[in-house]
Each structure stands twice: as C-alpha cells, then as structure tokens.
Amino acid sequence: GVVYVGLTAGCLLAGYDLGAVLAAAAMTSAFMVSYARARSESLGFAPGKGMANVGLAPREVRLVILTAGVALAGVNLGILGFTLGLIVVLATITTIQRIVVTLRQASLQG
C-alpha cells in the first residue's frame, strides 16, 4: 500500500492527475485480490497456497508489472499510467476469478 500511496502522491506533485487516480485504483484493486483470498480461506475454502494460485495476476505478476512501470516512469509518465491501468484490469479480473472459485467450492459443499 505504501508504494501505491507514494505513486499517488508523486503523480499529484508531477501534475499527472490521471496517474494519481490510476495508482489509487490499482491499490484498491490489489487489496481486493488479497481480501478475496483471505475471505475465501476464512470460510474454509482453498486453504494454504491454493487460492494464491487462482487468477490471472497473482501478487508476483502485479509486482513485476508495477516494478517495470516505476522503472520506466522516468522515460515517460504515460508508461507508468499504462502499467497502473493494466494492474487495475488484471487485479479486478483476478478478484472475480477468486470469487467464482469460492462460489463453486461452496456449491459443491452445499
């Protein structure tokens, strides 16, 4: 979260308002992925690393994308915006995938 808050603040200071919005949205989306996993596991579904493997963009993938975006931000802020937008989309898809897996597991039990 600290990295995303820093990116939001940095984008605002640089006058890149779209980047600030995308950084905040990426942080929210990334948190939702983690929340979906934690909630699923708290209900007894996909314990351990099972839920960590569900989805298009688990934490490792999002970190690689974020690192590339931050590394290339000095070249062009648009690249940072693109990578943050990509994280928003991929993290949202991953959250939905994890919810679907949990719902399927619940339907098999009940």
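Buried means under 20% relative accessible area, exposed means over 50%, and partly exposed lies in between (1.4 Å probe, protein chains only). The model shown here is predicted: local features need pLDDT of at least 70, side-chain atom pairs count only at pLDDT 80 or more, and totals for chains, interfaces and linings use all residues. Residues are numbered from 1 along each chain as its sequence is written, and side-chain values use heavy atoms, with hydrogens and water left out.

View 1. Helices (H or I, at least four residues) and strands (E, at least two) are DSSP runs, numbered from the N terminus. Along the sequence the pattern reads α-α-α-α. The C-alpha trace spans about 55 × 20 × 20 Å along its principal axes. The protein has 110 residues, and 37% of them count as buried.

**View 2. Helix α3 packs against helix α4.** Two packed helices are described by the angle between their axes and the distance between the axes. Axes are lines fitted to C-alpha atoms, for helices over the stretch in contact, and angles run from 0 to 180 degrees between N-to-C directions. Helix α4 covers residues 77–109. The axes of α3 and α4 come within 8 Å and cross at roughly 165°. That makes α3 roughly antiparallel to α4. Angles under 35 degrees count as roughly parallel, over 145 as roughly antiparallel, 65 to 115 as roughly perpendicular, and the rest as oblique. α3 passes α4 in a left-handed crossing. A crossing is left-handed if the near helix is turned anticlockwise from the far one by less than a right angle, and right-handed if clockwise. Ile79 is found in α4. Its relative accessible area is 28%, so Ile79 is partly exposed. Ile79 and Ala68 are 11 residues apart in sequence, and their C-alpha atoms are 9.0 Å apart in space.

**View 3. Helix α2 also packs with helix α4.** Here the angle is about 20°, and the axes are 8 Å apart. α2 and α4 are therefore roughly parallel to each other. α2 passes α4 in a left-handed crossing. Thr94 lies in α4. Thr94 is buried because its relative accessible area is 0%. From Thr94 to Ala36 the separation is 58 residues in sequence, but 9.3 Å in space, C-alpha to C-alpha.

**View 4. Arg37 and Glu41 meet in a salt bridge.** Side chains of opposite charge can pair when their charged atoms come close. A salt bridge is a side-chain nitrogen of Lys or Arg within 4 Å of a carboxyl oxygen of Asp or Glu. The structure holds 1 salt bridge. In this pair the N to O distance is 3.1 Å. Both residues lie in α2, 4 residues apart, about one turn of the helix. Arg37 has a relative accessible area of 23%, so it is partly exposed. Glu41 has 27%, so Glu41 is partly exposed.

**View 5. Leu56, Val89 and Ile93 make a nonpolar surface patch.** The patch has an area of about 240 Å². Patches are made of residues with over 30% relative accessible area and no salt bridge: like charges are joined within 9 Å, nonpolar side chains (Val, Leu, Ile, Met, Phe, Trp, Tyr) within 5 Å. Accessible areas come from the Shrake-Rupley method with a 1.4 Å probe; for residues, only the protein chains shown count as cover. Leu56 lies in the loop between α2 (17–42) and α3 (59–72). Leu56 counts as partly exposed because its relative accessibility is 48%.
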